[in-house]
Amino acid sequence: MSVSTCPSEPQADDTSANGLDAIDRAIVLATQAGLPLVPDPWGAVGKPLGLAGNEVLARMRRMQANGMTRRIAAVPNHYRLGYVANGMTVWDVDDAHIERLGREVAAIPGVSHCYRRPRHLPEWPYNLFVMLHGRTREEVERQAEALRERFGDACRDHRILYSSRILKKTGLRLARRLGSPR
Amino acid sequence: MAELDALDRRLIDAYQRGLPLCERPFAAMGECLGVSETQVIERLRWLQQAEVLSRVGPVFDPARAGASLLAAVAVPEAERDAVAEAINRSPGINHNYAREGLAREGLARQHDYNLWFVMTASDEIQLEARLEALEEELGYALLRLPMVEAFHIDLGFPISWAELEAP
């Protein structure tokens, strides 16, 4: 997507550190809770912003291409689908093997996230976070046991942390004005 | 679990990782699935209303859209709800989960991290300022867990429909 396709409205020059200009931000704010479910969603998003549908689409494509959006998708609510047990598993994995094991684990079905994070010794020895989803805690435990076997001697310890309550979950929301206190 | 038919499942399987970014995305989806644009739109509306889909739209990368950090705090159970409310009130919080399962013998009480949240901000400086302000308000140290490397980001995973249906 070429940058030259963007019109040069004055407000479009207000590009913030994350590469979004004022028009991109307006589109983000208008779409972050979901696209309008109508035949021409881009036109519907653009109308109140004074933008043509193809301009909105071009910007959505660009945000996708540059990694600002991971995906523009039908986002399932796993809990509602029956995956009511979600276990955040944390692993103390040998640094020498974490690259290989992290990649292997990421490919396993039922894994939604797999991240390396820093240890904080002595109280926090875990450096690999793997989010597992199942219908029951027993299912999550079986998945974790399979991971334990795969890690073998490279894993010193692990824990499964279940969410007992969701106290807040909004998904990522940009502030109305980036950088301003809310 | 909501009653989902074959079309609902195919919509989720085919499009949880991404919609076609074309002029008429729902028409394109209908073409692939052998149904009309109107049927696709009506199903998506219903799935959203039934909360089977949390939304049909963009998933932003928090690391690209600003700064964010997973943090945890260990608080006594009696104080947990009050602390959770204080966390939720502070700016930039987008997830906050009570989690259990860490407690074990030999683990000091102050290391039983039972509240887990994601703090966001427009940049790293604002993020750190927010974390420090929250630490001061709570009177508890936060465990800061920045992402060092993503082996698998949240792009969904294949739904095991048969397993979900099994008794």
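In chain B, the C-alpha centres of domain 1 and domain 2 lie 36 Å apart. Domain 1 covers 6-59 and domain 2 covers 62-145, with bounds that come from an automatic or database domain assignment. Keep in mind that this is a predicted model, where local features need pLDDT of at least 70 and side-chain atom pairs count only at pLDDT 80 or more, while totals for chains, interfaces and linings use all residues. As for labels, residues are numbered from 1 along each chain as its sequence is written, and chains are lettered from A and ligands numbered from 1 in the order in which they are written.

For the complex, the predictor gives an ipTM of 0.78 and a pTM of 0.77.

Now walk along chain B. You'll pass seven helices and six strands, in the order α-α-α-β-α-β-α-β-β-α-β-β-α. Both kinds of element are DSSP runs numbered from the N terminus (helices are H or I, at least four residues; strands are E, at least two). Of the 167 residues in chain B, 35% are buried. Buried here is a matter of counting other C-beta atoms within 10 Å of a residue's own, with C-beta atoms placed from the backbone: 20 or more is buried, 12 or fewer is exposed, and anything in between is partly exposed.

Next, the helix packing. Two packed helices are described by the angle between their axes and the distance between the axes. The axes are lines fitted to C-alpha atoms, for helices over the stretch in contact, and angles run from 0 to 180 degrees between N-to-C directions. H2(B) and helix H3 (residues 37-49) of chain B have axes that come within 7 Å and cross at roughly 105°. H2(B) and H3(B) are therefore roughly perpendicular to each other; that label covers 65 to 115 degrees, whereas under 35 is roughly parallel, over 145 roughly antiparallel and the rest oblique.

Which residues meet there? From H2(B) come B:Phe26, B:Ala27, B:Met29 and B:Gly30, and from H3(B) come B:Glu37, B:Gln39, B:Val40 and B:Ile41. A contact requires C-beta atoms, placed from the backbone, that lie within 7 Å. The residues of this H2(B)-H3(B) contact divide into five nonpolar, two polar and one charged. (Ala, Val, Leu, Ile, Met, Phe, Trp, Tyr, Cys and Pro count as nonpolar, Asp, Glu, Lys and Arg as charged, and the others, Gly among them, as polar.)

H3(B) also packs with helix H1 (residues 6-15) of chain B, at an angle of about 85° and with axes 11 Å apart. On the H1(B) side the contact uses B:Leu7, B:Asp8 and B:Leu11, and on the H3(B) side B:Arg43, B:Leu44 and B:Leu47. Those residues are four nonpolar, no polar and two charged.

Finally, the loops. B:Ser36 lies in the loop between H2 and H3 of chain B. B:Ser36 has 13 other C-beta atoms within 10 Å, so it is partly exposed. B:Glu51 sits in the loop between H3 and strand E1 (53-60) of chain B. Its phi is near 60°, a positive value in a residue other than glycine. B:Glu51 counts as exposed because it has 12 C-beta neighbours inside 10 Å.

Key. Contact = placed C-beta atoms within 7 Å.
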